[in-house]
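Please look at the sequence and the structure shown below.

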Amino acid sequence: MTLLAILSLTTLCFLYLNPSTTPGSELNQDKGYHAIAFGWVTFVLNASVTGRNRRLLIPVVVMILGLCLEGLQSIIPGRLASWADVLANVIGVMLGQYLWSRFYLVIEANVIPGKSRQNESDNKRKP
């Protein structure tokens with residue numbers, strides 16, 4: 001999963017910083033692409049990184065990355081920085097974090113009850 005996270009981040013940065021050949025007026029649908037890309041990166045990073053603070057740290061780091069990439073776009077020929085893109089990035093991060101939390105709860109519900117049942121049976125054996 002770590003390799004997938006690295007590839008996702010690399011692809012995101014490449015696509016963000018690659019000079020565009022498409023006129024800006026035709027990119028209204030790119031807000032959806034921004035949201036999907038940042039949601040995906042947030043989801044994959046959550047799957048790859050362990051630690052208690054990841055639920056807060058990952059979304060904040062990905063949002064800061066989005067701001068930095070958007071700022072860098074303003075100096076790349078053919079690219080334009082946009083607050084609407086920043087908003088789409090933030091929505092994507094929130095969506096990715098939400099989907100990860102739901103996914104994690106499903107995994108946790110399927111894995112941990114087996115352990116808790118084992119603990120209950122161990123407790124029944126004790127006098």
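This is a predicted model: local features need pLDDT of at least 70, side-chain atom pairs count only at pLDDT 80 or more; totals for chains, interfaces and linings use all residues.

Is the crossing of H1 and H3 right-handed or left-handed? The crossing of these two helices, H1 and H3, is right-handed; a crossing is called left-handed if the near helix is turned anticlockwise from the far one by less than a right angle, and right-handed if clockwise.

Residues are numbered from 1 along each chain as its sequence is written, and side-chain values use heavy atoms, with hydrogens and water left out.

The protein chain has four helices and zero strands. Helices (H or I, at least four residues) and strands (E, at least two) are DSSP runs, numbered from the N terminus. Read from the N terminus on, the elements of the protein chain follow the order α-α-α-α. Of its 127 residues, 28% count as buried, where buried means under 20% relative accessible area, exposed means over 50%, and partly exposed lies in between (1.4 Å probe, protein chains only). Among contacts in the protein chain between residues at least 6 apart in sequence, 76% join residues at least 24 apart; contact means heavy atoms within 4.5 Å.

Helix H3 covers residues 54-73, and H1 packs with H3 at an angle of about 25 degrees, with their axes 9 Å apart. Axes are lines fitted to C-alpha atoms, for helices over the stretch in contact, and angles run from 0 to 180 degrees between N-to-C directions. H1 and H3 are therefore roughly parallel to each other: angles under 35 degrees count as roughly parallel, over 145 as roughly antiparallel, 65 to 115 as roughly perpendicular and the rest as oblique. On the H1 side the contact is made by Leu9, Leu12, Cys13, Tyr16 and Leu17, and on the H3 side by Leu65, Leu69, Glu70, Leu72 and Gln73. The residues of this contact comprise eight nonpolar, one polar and one charged. Here Ala, Val, Leu, Ile, Met, Phe, Trp, Tyr, Cys and Pro count as nonpolar, Asp, Glu, Lys and Arg as charged, and the others, Gly among them, as polar.

Helix H1 (residues 2-17) also packs with helix H2 (residues 30-48), at an angle of about 155 degrees and with their axes 9 Å apart. That angle makes H1 roughly antiparallel to H2. The crossing of H1 with H2 is left-handed. Thr2, Leu4, Ala5, Ser8, Leu9, Leu12 and Tyr16 of H1 make this contact with His34, Ala37, Phe38, Trp40, Val41, Val44, Leu45 and Ser48 of H2. Eleven of the residues in the contact of H1 with H2 are nonpolar, four are polar and none is charged.

Ser8, in helix H1, counts as buried at 11% relative accessibility. Not counting residues up to four places away in sequence, Ser8 touches Trp40, Val41 and Val44. The C-alpha atoms of Ser8 and Trp40 are separated by 8.0 Å, although the two residues are 32 residues apart along the chain. Leu3, also in helix H1, counts as exposed at 60% relative accessibility. Leu3 and Ser48 are 45 residues apart in sequence and 8.7 Å apart in space, C-alpha to C-alpha.

The remaining pair to consider is H2 with H3, whose axes come within 10 Å and cross at roughly 145 degrees. The crossing of H2 and H3 is right-handed. His34, Phe38, Val41, Thr42, Leu45 and Asn46 in H2 meet Arg54, Ile58, Val62, Gly66, Leu69 and Glu70 in H3. Six residues of this contact are nonpolar, four polar and two charged.

Within helix H2, Asn46 is buried, with a relative accessible area of 0%. Leaving aside its neighbours within four places in sequence, Asn46 is in contact with Arg54, Ile58, Gln97 and Trp100. Finally, Ile91 lies in helix H4 (residues 83-125) and is partly exposed, with a relative accessible area of 43%. The C-alpha atoms of Ile91 and Phe38, 53 residues apart along the chain, are separated by 8.3 Å.
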